[in-house]
There are 2 protein chains.
Amino acid sequence: MPGRGLVTLGIGDDASLVRVAPGCELVLTADLLLEGVHFDFALHPAESAGHRALARSLSDVAAMGGTPRFALLSLAVSPRAGRAWAEAFYRGFFRLARRFRTTLVGGDTAVSRTRMFIDVVAAGEVERGHALRRCGARPGDAIFVSGQLGLAALGLRWLQRPRGLAPRGHVRPPGRNLALALHKHLYPEPRCALGRFLSRRKLASAAIDLSDGLASDLARLCQASGVGATIDARLIPFPGVLVRPTEALRLALEGGEDYELLFTVPSRQAKRIPPKYQGVPLTQIGVITLKKQRWLIGLDGRAKPLAAAGYDHFARASSRRAP
Amino acid sequence: MPGRGLVTLGIGDDASLVRVAPGCELVLTADLLLEGVHFDFALHPAESAGHRALARSLSDVAAMGGTPRFALLSLAVSPRAGRAWAEAFYRGFFRLARRFRTTLVGGDTAVSRTRMFIDVVAAGEVERGHALRRCGARPGDAIFVSGQLGLAALGLRWLQRPRGLAPRGHVRPPGRNLALALHKHLYPEPRCALGRFLSRRKLASAAIDLSDGLASDLARLCQASGVGATIDARLIPFPGVLVRPTEALRLALEGGEDYELLFTVPSRQAKRIPPKYQGVPLTQIGVITLKKQRWLIGLDGRAKPLAAAGYDHFARASSRRAP
């Protein structure tokens, strides 16, 4: 395990100074959280915005098998966000940062004359040569996912519903499962411990975090690795208890922001993957294939091509990797 | 000199992987560039916006005595910025990045429904124990500045003037000096070589970059060091050739975005500071004092207290360090 990242000089000077543990590489990632694209004053509590701003970046560190160490937070504050909003935002941000032992070492703030813009850079450590990349999947590797897919998208759908109405396709009244879905959307959990487990033991041949839905992110992993895949809808862990199975499958394939991990494991190692890791289910949903097409075996047992349906956050504006 | 920072894995995965040279610390800094606060479509060419977005962060690395290595660029693109604007923005960004051997290793892009929002994180390397901080100035230390102060603010003033009119207080017609001022505002030069020279030879006891004007930034350095200062207006290198001396002095004290270095040098070392470093003049403008007040000896030779006048970019909205 890498040593704790050391902050030699914190916030307050022209820049901060940090040390990277010997034998480690630094994992660097940046993620935007924009009002009206990734969150909305009317839907999201400020604490959730603070949590999600950091969780997006920590999830990327997790997908590389890294341990989060440092973060930088840049914030253009809209005049509509008052002092109470800002305090709750920071509360959400710092609560997650503390849990993941991530030190805020810098950032910038300014007054935005229009909307809120938030950018978080996270830096983590990973032992040299142990990072999980997207490009290592090989034909015959087992495809695994952590957690339940589509739950965050389901939570968002309930948040967005007209008051008193259930979203289309939903069959059960709200309850404990709904609370779970709302929580998953508002306070997603970066899978850092799982990422470290996979990287330290060299179990995974490739990994990616599920930020845009299984269909898109599996396509990215396959493209980076130059392979194809067959996955089985009947194996995908989706929230069938709150919606009809076909709708649940759609949420799992196309719903974003689950921040679970999708990873591949060489077949001889697959039996070393436990059914759960620290309480999070790990499920094999398919295999990597030599032919570059991606196939989905449907709920009816019939195979069909799997398109990389894009996930659009609020279906208002798109966000993609830069540049 | 630190070894070249090594990018193990560039853009395209969940995150990037970089290595820090043995014996080095990492310098981390973030800076926002907002449309309507730090730049304006009507005033600033896109190339200048790209240049300044990176220059702000590189200047912070310079003020720590670091060597820039990596950058992350997050961009919320306004619909008003077309493809040509974006291409020119990246041209300005990457031209400066190439000159300073800074590799773009990450970032995020999204579509902003209102204004442009740009956040740049720069990471540099500095030998352990060699970083220049704000807090090391001691009574008796000589105070130096690089370059000419107030030039960038003068350039901005000419950019903002009503067509055909000279800004208030200006006495000379445009010419080579005006071109210099415009260039200084649009394409400021981070003083990385000077910062490295000072840190490597352990010449400076403290340093800060002049982003908000001499009065504010000297106040910050003095507060961090727990000291006072006396500076002499007759020694400050300001652009007297384009404006009346009193106005030029005001620009030097209150005008922002010069991105020159302000640094202090123990008196016995002051003679080791050359009059120029790589063509950039280095000028002693005063001394650090035990008493915590800051004094300005005016152009008339009379001493008066020096207030930390804040610099307001376009005098529209404020930007300060977070959080």
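These questions and answers walk through a predicted model, from domains to helices, strands and the chain interface.

User: Which two domains does the domain assignment give for chain A?
Analyst: The model is predicted, and the bounds come from a domain assignment.

User: How far apart do the C-alpha centres of domain 1 and domain 2 of chain A lie?
Analyst: The two domains touch: 20 residues of domain 1 of chain A are in contact with 18 residues of domain 2 of chain A. Their C-alpha centres are separated by 25 Å.

User: Which element supplies the largest share of the side of domain 1 of chain A that touches domain 2 of chain A?
Analyst: Helix 1 and strand 4 (67–77) of chain A each give at least two residues to that side. By class, the side has eleven nonpolar, seven polar and two charged residues. The largest share is ten residues, and it comes from helix 1 of chain A.

User: Are helix 1 of chain A and helix 2 of chain A oblique or parallel to each other?
Analyst: Helix 1 covers residues 46–63 of chain A, and helix 2 covers residues 83–99 of chain A. Their axes are 6 Å apart, at an angle of about 40°. An angle under 35 degrees would count as roughly parallel. Helix 1 of chain A and helix 2 of chain A are therefore oblique.

User: Is the crossing of helix 1 of chain A and helix 2 of chain A left-handed or right-handed?
Analyst: The helices meet through residues including A:Ala46, A:His51 and A:Leu54 in helix 1 of chain A, and A:Trp85, A:Phe89 and A:Leu96 in helix 2 of chain A. By class, this contact has twelve nonpolar, four polar and two charged residues. The crossing is right-handed.

User: How does helix 1 of chain B lie relative to helix 5 of chain B, and what is the hand of the crossing?
Analyst: Helix 1 (residues 46–63) of chain B and helix 5 (residues 192–200) of chain B pack with axes 8 Å apart, at an angle of about 15°. That makes the two helices of chain B roughly parallel. Their crossing is left-handed.

User: How many nonpolar residues are in the contact of helix 1 of chain B with helix 5 of chain B?
Analyst: On helix 1 of chain B, the contact residues are B:Leu58, B:Val61, B:Ala62 and B:Ala63. One residue is polar and no residue is charged, while the nonpolar number six.

User: Which residues of strand 12 and strand 13 of chain B are opposite B:Ala229?
Analyst: Strand 9 (residues 228–232) of chain B pairs antiparallel with strand 12 (residues 280–289) of chain B over four bridges. Strand 9 of chain B also pairs with strand 13 (residues 294–297) of chain B, in the parallel sense, over four bridges. In strand 12 of chain B, B:Ala229 faces B:Ile288. In strand 13 of chain B, its bridge partner is B:Arg294.

User: Which element gives the largest share of the side of chain B that touches chain A?
Analyst: Here 58 residues of chain B are in contact with 58 residues of chain A. By class, the chain B side has 31 nonpolar, twelve polar and 15 charged residues. The largest share is nine residues, from strand 3 (residues 24–34) of chain B.

User: Which residue of strand 3 of chain B stands opposite A:Leu17?
Analyst: Strand 2 (residues 16–19) of chain A and strand 3 of chain B run antiparallel, joined by three bridges. Opposite A:Leu17 stands B:Val27.

How values were computed: Residues are numbered from 1 along each chain as its sequence is written. Chains are lettered from A and ligands numbered from 1 in the order in which they are written. This is a predicted model: local features need pLDDT of at least 70, side-chain atom pairs count only at pLDDT 80 or more; totals for chains, interfaces and linings use all residues. Axes are lines fitted to C-alpha atoms, for helices over the stretch in contact, and angles run from 0 to 180 degrees between N-to-C directions. Angles under 35 degrees count as roughly parallel, over 145 as roughly antiparallel, 65 to 115 as roughly perpendicular and the rest as oblique. A crossing is left-handed if the near helix is turned anticlockwise from the far one by less than a right angle, and right-handed if clockwise. Two residues are in contact if their C-beta atoms, placed from the backbone, lie within 7 Å. Ala, Val, Leu, Ile, Met, Phe, Trp, Tyr, Cys and Pro count as nonpolar, Asp, Glu, Lys and Arg as charged, and the others, Gly among them, as polar. Domain bounds come from an automatic or database domain assignment. Two strands pair if DSSP finds at least two bridges between them.
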